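Please work through the exercises below with the structure at hand. Each task is followed by a stepwise solution.

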Amino acid sequence: MQTSFSHFPTDSQVPERQSVLLERLLLTTHSFAFVATASGMEPLSLEAAQSLLPLQYPLHSSYGETLSQAIHPQDRSYRENIWRHATQTKQSLLSHTFRVRDLAGHWHWLHEEAHLVFSDSGWHAVGTLSNVSEHERNVAFQVGQTRVLKMIAEHQPLGKTLDTLNLLIQELLPDALPCILGYNVRSNTLVDLSAPHLPQGYRDAIHGLLVAPDRGSCGAAIVGKKPVFVRDISTDPLWAEFVELAVETHGLRSCWSHPILTNEGNPVGTFAIYHRHPHLPSSWARELLATAAYLAGVAIERSESETIIRYQASHDALTGLPNRHRFTQDVAEKLEQARKTETSLTLLFLDLDRFKQVNDSLGHSFGDHLLKIIAERMQTAVGMGIYRMGGDEFTVLLPETTARQAEEIIKKLRHALTRPVTLNNYEYLPSFTVGISDYPSHAQDAHTLLKYADIALHRAKEEQAGGIRRFDPALARNLAHKVQLESDLRRAVEQQAFTLYYQLKVDSRSHQPIGVEALIRWNHPDRGIISPGEFIPLAEETGLILPLGDWVMHTACNQARAWERAGLPLRVSINVSARQLLQPDLQQRVQSALRCSGARPDLIGFELTETAILKHGKSAERTLNALKDQGIWLELDDFGTGFSSLVALRSYQIDALKIDRLFVHNLERTSNDAAIVRGVIAMGHALNMAVVGEGVESASEAALLTELGCDSLQGFYFARPVPVEQLILPLPVPLARAA
């Protein structure tokens, strides 16, 4: 639609009484009517239009042309496109909102709504233009005010908050040039805080300006503690000293200044709005300025605590060391510096060994005390460049450091950190593991540098706690393999793409089957059978062991029930991890599996490692006792390889001990292992426990274990783990005492 409209019927062509009534009705809604064709538009009542929105008429211009010129430049093409689209697509109704400046220079929001009628000769429209400024401005200001208050509440930087406030005012007053000046009481000067669109030369000139009641609008507002509105800078006495700077150099013609006061009424600055044409604020603009000054005051008062807030945001509260957030900033800066100077940057990633055990056994107060001591010792040994990344993890940034120099620094750290730490008669001997990565040999950016040091750290921990490992590309490849394996494992768990193999357990004297151990297998679509030793630790680490364990439990219960129906009541034992043992609802999960399958509880056994049981203490005791009350058979697997506690074993209702295969294989080689096996069997029987020998691979091993008193045996000599359909079972036999 063209922006020039003319040659339209006037209200003289409309019956006079009807025209007057229509005009009065529309004015009550802050609206006026217009008609339009492809040639242009005119209001039905020019007097009503001018009353609602006074416009400056250029010579020989129609109202449509005048209105188009008064529309905000950003909205003009938008309106034209809406009309063009409506007429080209024969749209019967259009509705939109745009901004218009009136004769006095004030901006208004107009809502235009028109009904279009099309015929062979073209189109014509009738519509209304309504002044919706109050609503639009209020909505925009409420949204903007909420955004500013949120920034203040979140302790955003003062400059950023004030810039946002200034941009909000400029959005609501399109010709405005907002400016926020602080007031330095000690020097009695103005401080440039925010003025995104004022000329930089002007900002530089007023920064540090002395405050006086007769020097500019802002000075007068601060001294008088009340608003000062200057319509024309070029003629106002307050600006006599600055006319050349403001008017002639930078084209500023009016200035409205509102003091920014604290709750106690003390001035901390001014909120000023400049314009490039002389005029005074409307009542709405005065209210807007007052509210903006209040918001600026809240933000400026907060600025006094910003230093503390910034410190807290970038430093660890416990140790006082720079934190991960500060590390991210510093490492980026140091990397950029290293690039410019073509030097190196080494990153040490340190992790305290056994820190979780310290917290769990000695309490968090001791753990906090330990971390403070470690931080102090690190600062003494190294000085700058130390960060606490969280928990018991620390990093050290070493610019321009060779590998040999890094080793020397690690030696200093080891010497400083490994001295005993004592609190309340408890003594702890710290140790730490280190991962190292370098720029530019390993990584080119901060994220990769940290990731590679972390990878090296975890590999060092896997190899030996207290070790040191420098990153190499093979570690990254291994990590990529692990990530891919985790993704495949998640998919396999979702699809239940696993199967159970079963290995027979036999009576030690008759060699008749008395039970089976269920062993999970994963047939990967690309890699074939993957060893449980490869994916079970990953399932533990990622938490996938929980849904995987549920699947094993339900599958094993179903199989136990199937054998019982067939007249062969074999006990099915499944391995339960430490992670599963910690589930607060493990008992309910077991009940669900038993209920769904119909399996007898005494035909289900749980095999647990002594490490998993003893590590969780009372929690494990409660869980195991609850399972035992359900009738579940409990076996202690790999007995003798962990930190066995005979006193603790008395607390658990364990049904059987499984002698680790390591002792079984050495029975014929060393008398010591035979003595250990004999002792374990005697102890188990004394505690009313059955004893199982696992890993039996020969007739001589089976004979020796039987001679020593083992109740049941398991191993390749009798049967390898196989799918259920390949399991060779004899005629039904009665359920034996042992597992």
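Predicted model: local features only at pLDDT ≥ 70, side-chain atom pairs only at ≥ 80, totals over all residues.

Residues are numbered from 1 along each chain as its sequence is written, and side-chain values use heavy atoms, with hydrogens and water left out.

**Exercise 1.** Describe how α12 passes α16.

Step 1. Helices (H or I, at least four residues) and strands (E, at least two) are DSSP runs, numbered from the N terminus.
Step 2. The axes of α12 (residues 324-341) and α16 (residues 446-463) come within 9 Å and cross at roughly 115°; axes are lines fitted to C-alpha atoms, for helices over the stretch in contact, with angles from 0 to 180 degrees between N-to-C directions.
Step 3. With contact meaning heavy atoms within 4.5 Å, Arg 324, Phe 327, Val 331 and Leu 335 of α12 meet Ala 446, Leu 449 and Leu 450 of α16.
Step 4. By class, this contact has six nonpolar residues, no polar ones and one charged.

**Exercise 2.** Identify which residues lie nearest the centre of the largest pocket.

Step 1. A pocket is an open set of points on a 1 Å grid over the protein atoms alone, where a 1.4 Å probe fits, with protein on both sides within 12 Å along at least five of seven lines; lining residues have an atom within 4 Å of a point.
Step 2. The lining comprises 35 residues, and Glu 517, Leu 519, Pro 532, Asn 575 and Asp 637 lie nearest the centre.
Step 3. Elements that each supply at least two lining residues include β19 (513-524), α19 (545-565) and β23 (633-639).

**Exercise 3.** Classify the pair formed by the rings of Tyr 202 and Tyr 274.

Step 1. Rings of Phe, Tyr and Trp (its six-membered ring) pair if their centres lie within 6.5 Å; planes under 30 degrees apart count as stacked, over 60 as edge-to-face and the rest as tilted.
Step 2. The centres of Tyr 202 and Tyr 274 are 5.4 Å apart and the planes stand at 80°, so the pair is edge-to-face.
Step 3. The pair links distant parts of the chain, with Tyr 202 in α7 and Tyr 274 in β10, 72 residues apart.

**Exercise 4.** Locate Pro 440 and Lys 225.

Step 1. Pro 440 is in the loop between β16 and α16, and the peptide bond from Tyr 439 to Pro 440 is cis, with omega near 5°.
Step 2. Lys 225 is in the loop between α8 and β8, and its phi is near 55°, a positive value in a residue other than glycine.

Methods:
Left-handed = near helix turned anticlockwise from the far one by under 90°. Nonpolar A, V, L, I, M, F, W, Y, C, P; charged D, E, K, R; others polar.
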